[in-house]
Structures are given as structure tokens and as C-alpha cells.
Amino acid sequence: MEIKKAAFVKSSAQLKECPKADRPEYAFIGRSNVGKSSLINMICGRKELAKISGKPGKTRLINHFLIDEHWYLVDLPGYGYAKVSKSMRETFDKMIRSYIRNRENLVNLYVLVDGRHEALKNDLEFMRWLGENQIPFTIVFTKLDKISSAEFNRTFTSYKKKMKEEWEDLPPFHRSSSKNELGKTDILGEIHKLNLELGDHFKT
Ligand code: GTP
Ligand code: MG
């Protein structure tokens, strides 16, 4: 599946400003600078649809993109960005968590983690919270062009081991790189399948 049309819809500071929840929605989340906006651009085949920055903390609002007139992709701000004030971090955190828990058309959340690092405490805590709230999610390992597959396999093995300490069934995983389109087919294929499974759910 290739995306034919991707259009920015709006940026929202909170859940109640988001577009009407009348289409399937898929959101990208993860620590600041992990590559959420880059992955959205890669998947859509567009360089500057979502704003990217070398500096963490670029995306500050909930950004909706309408894909092929049928479903939404959502670019969220990163969590755990140390350089903003504590009160701002708390505001972001509240906004993100309220969106995730209450957005009724959210079909799946993509949790991005940097493929170069061991499992990080705040990523694991965030996933635990998703589990507690029964939010379906998939893990995406990003920036894999920066490491060899042997290096990644080591990280991946230790990641799975760590996850198994608290998860009976591990969530699905994808490998990705926005630089060389790794993961595009898998992620889009998964979304396509989920959209098909929804059938007429969103039709009025
Ligand atoms: P915030 O909006 O600040 O939370 O960041 P983000 O998660 O949206 O990250 P963004 O896509 O803005 O990318 C952050 C930096 O990482 C940029 O300099 C990107 O060019 C770089 N980057 C993102 N994905 C990849 C990748 O797959 N490979 C490489 N080599 N660099 C990447
Ligand atoms: Mg971003």
C-alpha cells in the first residue's frame, strides 16, 4: 500500500480541539528527537509534511494529517524532554495522556524507541501505563541506518528480555529507518490491515 494523498489538517493543544473522531486514527509517540516526525514523512513519501528538527522538543502540539481522505496519522510531541521546564513537561504529559486515553477513534499507537539504546526507564514506564490502560500499541525501533544489524540484534535481544520481565505477550515490533525507508511497507501494511478489519465501523 502506498499513500497517494497526505494533507495537514490541524494542530491542537488539547483533545477537545482535535478533528471530529470519525475516521480511523494512528498516532506516533516516543521520546523527544526519536524520529516521530521523520517517520511520518517517510511513510507519506513527503519531505516536509511534519516538521523535523535536530533539536529535541520540536513538535509541541497534536498534529493531524488526513491520509487518502480516509484515515488520520497523528504526530505527537515527545515525552521526557529534559530541557523544558517541569511545568511545561507536565502540561505536555497531561495533554498526551488525555489524548491517548480518550481519543475514541485511536486504533493503534506506534511507540518509537531509538534502536541504538538499551531499554530506557521512561519508555518502559510509558508502555506499562499503556498496558494498564489497555491501549493497543506497536514498538518501532528507529534510526537503524546508524547501526549495523549485528549491533541492533544485540539491543533487540536485550530489549525483549527486559520486556518479558513484565509482559506476558510482547507487543509487535517494527524496525525502521527514515533515511532508507526501512519499515515503511511493514507499518503501512499493518495500518492497511487494521483499516480493513474495521470494515464499516466509521461509516455513517
Ligand atoms: P520531537 O518532535 O522534538 O519530539 O522529535 P521527533 O521525534 O519528531 O524527531 P524528528 O523526526 O524531528 O527527528 C529528530 C532528528 O533525528 C532529526 O535531526 C532527524 O533528521 C533525525 N532522524 C530521524 N529519523 C532518523 C533516521 O531514521 N535516521 C537518521 N540517521 N536520522 C534520523
Ligand atoms: Mg516531532
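The protein chain of this predicted model has a mean pLDDT of 92, with 98% of its residues reaching 70 or more. Among the elements of the chain, strand β6 (residues 137–142) has the highest mean pLDDT, at 98, whereas helix α2 (residues 86–102) has the lowest, at 87.

**The ligand site**

The space taken by ligand 1 is the largest pocket. Around ligand 1 there are 21 residues, of which Lys36, Ser38, Gly57, Thr59 and Ser178 come nearest. Sorted by class, this shell around ligand 1 consists of 12 polar, 6 charged and 3 nonpolar residues.

| Residue | Protein atom | Ligand 1 atom | Distance |
|---|---|---|---|
| Asp145 | polar side-chain atom | nitrogen | 2.7 Å |
| Val34 | polar backbone atom | oxygen | 3.3 Å |
| Gly78 | backbone N or O atom | oxygen | 3.4 Å |

Ligand 1 taken alone exposes 650 Å², and the protein buries 89% of that area.

**Thr157 in helix α4**

Thr157 belongs to helix α4, which spans residues 149–164. The side chain of Thr157 reaches the backbone oxygen of Asn153 at a distance of 2.7 Å. Although Thr157 and Glu118 are 39 residues apart along the chain, their C-alpha atoms are separated by 9.8 Å.

Technical notes. Residues numbered from 1 in each chain as written. Chains lettered and ligands numbered in written order. Predicted model: local features only at pLDDT ≥ 70, side-chain atom pairs only at ≥ 80, totals over all residues. Heavy atoms only, no water. Near = heavy atom within 4 Å. Polar contact = N/O pair within 3.5 Å; in protein donor to acceptor, adjacent residues only side chain to side chain. Areas by Shrake-Rupley, 256 points an atom, 1.4 Å probe, with all protein chains shown as cover. 1 Å grid on protein atoms, 1.4 Å probe; cavity = no way out; pocket = protein on both sides within 12 Å on 5 of 7 lines; lining within 4 Å. Sits in = over half its atoms within 2 Å of the grid points. Nonpolar A, V, L, I, M, F, W, Y, C, P; charged D, E, K, R; others polar. pLDDT = per-residue confidence, 0-100. Helix = DSSP H or I, 4+ residues; strand = E, 2+ residues; numbered from the N terminus.
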